[in-house]
Amino acid sequence: MRVVALFRVSTETQADKGASLPSQQAAYRALAEQNGWTTVDEFIGCESATQAASDRRVLQQVLACVRDKAPDAVWVIEQSRLTRGDELEVAMLMRELKERRAKVIINNVVRDLASIDERFMVGIQSLVDRAESERIKERMGRGKREKAKRGKKNSGPAPYGYRNPPPGADGRGTLVVVPEQATVVRRIFDMAATGKGDAAIAAALNHAGVPAARGGGWGKSSVASVLRNVAYLGTAASNIWVAEKGSRNFRLNLSNDRAIVVENAHPAIVDRGAWDAYHNRPKAVRAKTPRLLSGLLYVNGTAFGGDASRGAA
């Protein structure tokens, strides 16, 4: 039997634990030797099975191999590695394998998709796998919400200026100040309060040789993210970015229905005075050419820099 092998894990952590990639490879090769299978190709991936099949790069590579090389079967160590996706995607996947007469080997059990009974068994197991996946996601989401309500960091990297104690350590989830980075954060707010723009602040930090969060250079967006992050006030906030309708942009909304905001969740780096000095400063006038009298001189009732003919008698 000519076989294509798929070795897949959902996370980088799983790659070395449990049904790790090396253990999957070892299991397959032992079975291939025992059963006299010929390996057409092997594919290795670290991606979630709950993604749509069309978004799963390794699965698409397997399907391309099935189309090009017409193997007799596709091997996976567990069916969930193949069919825990969206119902429609799984149905289309099973249909293509059936039409190309490719069986599915789950560890050492061969499922012939040409058989109604075998397709039924695969279909039932895929429903069970998807239900379990949804339950896991629901439990994880509930756990994250409970952590957020206690002011704990529940996902993603810590903001520049802070660190999150490692898993299992005391205080995990409560941000700890990194003194040398905290000094940079305060410097950014001080420069912003004097009227410097994001690009000018980034240039000043780069000129001074101050490394950014991941050791690279500062840019406008990295400075802006610091200036808008309420974490520096000691506030923990989740679900505060809301998608704008008809756009891929998000806007900060601390009062939306899903937002969870906890004050004094961790030590502040910036006091309220410094925060307000930046966020309450007058907005700069945007003009292609600098105009020294903008906002001070009016002509025929129109601010200087506008169209003075408007409102003219």
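## Strand pairing around E1

Two strands are taken to pair if DSSP finds at least two bridges between them. In this predicted model, strand E1 meets that condition with E3, to which 3 bridges join it in a parallel arrangement. Within this pairing, Ala5 has Trp75 of E3 as its bridge partner.

E1 is also joined to strand E2 (residues 38-46) by 8 bridges, and these two strands likewise run parallel. Of the 8 residues of E1, 7 are buried, so the strand is largely enclosed by the rest of the structure.

## Aromatic contacts of Trp75

Across the whole structure, 9 aromatic pairs are found. One of them joins Phe7 and Trp75: the ring centres are 5.8 Å apart and the planes meet at 65 degrees, so the pair is edge-to-face. Because Phe7 belongs to strand E1 (residues 2-9) and Trp75 to strand E3 (residues 73-76), this contact ties together parts that are 68 residues apart in sequence. Phe7 is buried, with a relative accessible area of 0%, and Trp75 is buried with a value of 0%.

Trp75 also pairs with Tyr28 in a tilted geometry, at 5.2 Å centre to centre and 55 degrees between the planes. Tyr28 lies in helix H1 (residues 21-35) and Trp75 in strand E3, so this pair links parts that are 47 residues apart in sequence. Both Tyr28 and Trp75 are buried.

## A further aromatic cluster

One aromatic cluster is formed by Tyr162, Phe189, Tyr232, Trp275 and Tyr278.

Methods
Residues numbered from 1 in each chain as written. Predicted model: local features only at pLDDT ≥ 70, side-chain atom pairs only at ≥ 80, totals over all residues. Heavy atoms only, no water. Phe/Tyr/Trp six-rings, centres within 6.5 Å; stacked < 30°, edge-to-face > 60°. Helix = DSSP H or I, 4+ residues; strand = E, 2+ residues; numbered from the N terminus. Buried < 20%, exposed > 50% of the residue type's maximum accessible area, 1.4 Å probe, protein only.
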